[in-house]
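Here is a friendly tour of one protein chain, meant to be read with the model open beside you. Please have your viewer ready.

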Amino acid sequence: MERTRSGQRLLVLLTLLQGPCGVACLEVRPSVNPARVGDNVTFDVSPSMPLTSGVWSVGSKVLVYWIKAQEESMDRRASVNTSTGALSLTSVTVSDSGVYSLKVNNPQSLAMANLTVLEPVSNVTVSVSTSDPVEFNDTVVLTCSASGSALSFQWRNVSSDITDREHMKLTGDNRTLVISNVTRFDHGPFYCFVSNGIGNDTSAPQYLNISYGPGDMIFTIDGSQNRTFPAGSNLTLSCSAQSSPPALFEWAFNGKLLKKTPELELEDVQENQSGNYTCWAHNTRTLRDSSLTEAITITRSRSESVQPTVRAVALLSFLLAVVLHLSGFTQPIKTPEWQFHVPPVLAGFSALEVRISKNPVSVGENVTLELIPPTAVQSGLWLHDSESIVVAIQGAVVVTEGYRDRITFDAKTWALSLRNVTLADNGSYTMQGITPSFLVKTTLYVLEPVSNVTVRANATDLVELNDTVSLTCSASGSSLFYRWHNGSSDITASELVHLSDGNSTLTISRVLRSDSGPLYCSVSNSISNGTSQAVFLNISYGPDNVEISGNPHETVYRAGSDIMLSCLAQSKPAADYLWAFEGTLLQNRGPELRLNNVHQNQSGNYSCWAHNSVTLRYSSRTTLITVVAPITSVLVNSNGGLPIDEKPFTLVCKVNEKADLIQWLRNGLRLLADNRTALSADNSSVTFTPVQRSDDGSYQCVAHNAVSNGTSPGFQLLVNYGPEQPVITGPDVAKTGSSVTFTCSASSLPTSQYSWYFNGTRVTNGSEYVTAPLTLANQGTYTCEAFNPVTGRNSTAARELKVQPSSAVLSKGSLFLAALGVSLLQLTNWLSC
């Protein structure tokens with residue numbers, strides 16, 4: 001019934017509030033906007049004025065309304081100041097965001113304000129698709145994730161903001177940064193800066209280990225740029241290159257490999273050590289090569305100069321090798337045996353290089369090595385490592401036996417084509433020019449394609465936090481690079497994740513449920529890649545995160561209700577469930593507990609225990625259920641005696657069930673405490689100290705609990721008072737022989753009792769006194785006394801009566817008779833009392 005009346009009041013109020021905003025429009029403004037989850041927010045109303053009624057809503061939902069001092073809230077977290085109309089919200093959540101509106105009737109206005117509630121920014125992390133990319137080859141994807149609401153993402157490289165540019169793109173509301181064809185300058189650190197209207201946070205720095213080079217080579221001799229030195233000098237040839245990881249260096253003299261080191265020490269150099277010195281740099285990660293060749297001249301005194309003879313002998317040695325080949329000598333020419341000498345590199349030939357049509361190349365493919373730029377070469381030879389492939393002098397071509405059926409050589413361009421390459425064709429290829437004199441070198445990489453990628457796990461049935469699993473990836477191919485994946489995410493080494501055997505073995509210690517997979521191994525080399533079949537781990541875990549929910553979803557239930565409690569835990573396999581009430585196990589088994597027709601003695605703590613039969617672990621959750629009986633009887637009684645003016649008086653609210661809140665009404669309006677009116681701590685009584693006639697009225701108490709409310713019948717308070725000063729009506733002068741009527745009245749509740757006195761002697765009772773025929777003896781003071789039997793108070797008033805004779809002379813007999821009459825009258829009145 002109370003809810004029906006509440007709905008009717010709201011309907012009437014909304015009807016009154018219809019209409020456009022008048023001249024006196026109101027404005028509302030939240031105390032904080034945007035607000036943080038958990039904040040308290042107040043919507044203040046301006047201009048400040050008394051507002052006797054109104055409705056607060058958010059969207060189409062009514063939050064709270066009030067009429068005069070009566071307030072009705074539809075949300076326990078919402079309250080209104082019934083004087084100013086200000087709305088207060090406690091512990092706001094994200095769902096409290098929206099447009100808040102206030103409708104009031106006087107002045108007729110509609111005011112609105114927007115409130116945004118945000119969850120603070122936290123847990124900002126960056127994940128990267130690969131942290132070891134190769135310059136110009138790889139694309140890197142960085143993804144930013146964070147907790148919070150209404151998030152804005154910004155990427156930074158060191159301290160500079162990142163915007164869309166040629167090789168950097170931002171996608172997914174800036175959550176994702178894509179770097180195409182990374183360069184060495186993209187190494188970071190990269191940060192993800194996340195913000196919203198109430199705060200911000202920044203991720204830990206993310207660095208990229210970018211492999212690049214070799215390039216920008218520098219060739220120095222004893223730290224100088226000199227290239228001519230006297231015989232007998234000690235020389236240190238140094239080579240450096242921009243490379244990550246650091247390059248491996250190799251030296252060659254006139255095509256002959258010397259040593260693998262960044263520096264080449266030459267002691268007591270002689271003229272025969274003049275020639276072309278080449279520094280080769282190789283990066284094992286990028287698989288790229290770079291070289292730099294310098295011609296060094298060693299001079300001696302003119303008398304000892306035999307350089308032309310030495311050159312002639314070297315050239316004759318070379319020609320002898322060619323003749324031997326032409327005559328059927330088929331063994332490869334090896335430079336350590338022949339020791340031919342080549343003149344220094346001629347000016348203009350240091351920029352020559354060998355270009356490979358495809359590098360690296362797959363086993364069985366064809367590849368061509370070309371001289372760039374094209375150069376007319378009259379005499380020279382191709383070498384694989386230190387073994388000759390083909391020798392050509394003035395158009396005469398000799399091919400080593402092992403290459404005759406699998407190479408094509410163009411004597412005009414000196415292009416060398418290898419067919420059906422094998423792993424044995426890996427290595428260094430040198431083009432040695434004799435006429436003109438030059439030396440260029442390159443490296444060919446022959447790889448076997450990736451195939452037969454498989455994964456084997458030592459166990460697949462595991463227990464979370466207990467067991468360790470080892471997965472081994474195997475594949476066919478050469479120069480293999482292994483990478484592991486869980487779903488779409490890369491797996492990297494961490495405290496509990498270990499990669500070994502060149503990343504081909506993945507070991508996960510104390511497995512987690514998130515390790516269940518699918519787990520993949522991807523294998524690649526520079527020419528191909530392959531991925532294994534998915535492996536799934538059957539990881540038993542839990543129980544944990546136990547939750548109890550009630551249907552209906554309440555924490556306080558009405559006595560007589562039916563309640564269904566449900567228990568759910570994260571567990572694999574599914575958990576077994578037990579229930580307990582106040583620590584005592586119940587007979588119920590299973591995830592649901594049904595309570596029918598509940599009573600107050602069933603209030604208490606209900607616990608759900610979850611058990612996993614594989615992990616042998618337990619977990620529990622307890623919820624408090626409160627059963628409250630509905631309020632069915634509310635009465636107002638006085639505490640003790642009757643209300644008497646200017647004395648203390650107490651009214652007591654009697655409720656047949658426990659009440660959470662009691663409110664008092666006087667004549668339908670909320671009763672507020674003042675300097676004479678005090679409410680007890682629980683509002684169950686109101687005491688007037690003292691009670692006064694102005695406190696008259698109809699008093700009610702309204703009792704609420706979590707499941708019901710009730711209002712008492714009206715208690716009519718009438719304060720007993722008086723009597724006040726009586727008022728006597730009647731004559732002041734009378735003639736003898738006549739009768740006089742005196743009337744007495746006094747304000748009093750209840751009506752007073754009256755007594756009359758003549759000259760101090762009581763003569764009668766009642767509010768009216770009629771005398772016998774008057775004599776001169778009846779002249780005197782007539783007193784009325786008013787008495788209130790409830791208040792115990794009395795009050796008096798007196799009137800003087802003058803009696804005059806009816807004639808001027810009276811006989812003695814007349815006087816005697818008159819005196820006798822008075823005496824008889826007094827005697828009669830005395831007897832009547």
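## Ground rules

This is a predicted model, so please keep its thresholds in mind: local features need pLDDT of at least 70, side-chain atom pairs count only at pLDDT 80 or more, and totals for chains, interfaces and linings use all residues. Residues are numbered from 1 along each chain as its sequence is written, and side-chain values use heavy atoms, with hydrogens and water left out.

Strands are DSSP runs (E, at least two residues), as are helices (H or I, at least four), numbered from the N terminus.

If you select M431, you will find it touching V354, L371, V377, L381, W382, W414, F438, L439 and V440, leaving aside residues up to four places away in sequence. Contact here means heavy atoms within 4.5 Å.

## Disulfides

A disulfide is counted when a pair of cysteine sulfur atoms lies within 2.5 Å, and by this rule there are 6 disulfides. One of them joins C144 and C192, with sulfur atoms 2.0 Å apart. C144 sits in strand β13 (residues 140-147) and C192 in strand β18, so the bond ties together parts that are 48 residues apart in sequence. The link of C144 and C192 is left-handed, with -90° about the S-S bond, and both C144 and C192 are buried.

Another disulfide pairs C239 with C279, again with 2.0 Å between the sulfur atoms. The torsion is -100° about the S-S bond, and the link of C239 and C279 is left-handed. Because C239 is in strand β22 (residues 235-244) and C279 in strand β26 (residues 275-283), this pair connects parts 40 residues apart in sequence. C239 is buried at 7% relative accessibility, and C279 is buried at 0%.

For C744 and C784, the sulfur atoms are 1.9 Å apart. Their S-S torsion is about -90°, so this disulfide is left-handed. C744 belongs to strand β67 (residues 741-745) and C784 to strand β71 (residues 780-788), 40 residues apart. Both cysteines, C744 and C784, are buried.

## Backbone details

Most residues other than glycine have a negative phi, and most peptide bonds are trans. With that in mind, take a look at the cis peptide bond joining G188 and P189, where omega is about 10°. P189 is in the loop between β17 (176-179) and β18 (190-196). G722 and P723 are also joined by a cis peptide bond, with omega about 5°, and P723 is in the loop between β64 (715-717) and β65 (727-729).

N181, in the loop between β17 and β18, has a positive phi of about 45°. N181 is partly exposed, with a relative accessible area of 43%. E582 has a positive phi near 50° and is found in the loop between β51 (576-581) and β52 (584-589). At 46% relative accessibility, E582 is partly exposed.

Definitions and conventions:
Buried < 20%, exposed > 50% of the residue type's maximum accessible area, 1.4 Å probe, protein only.
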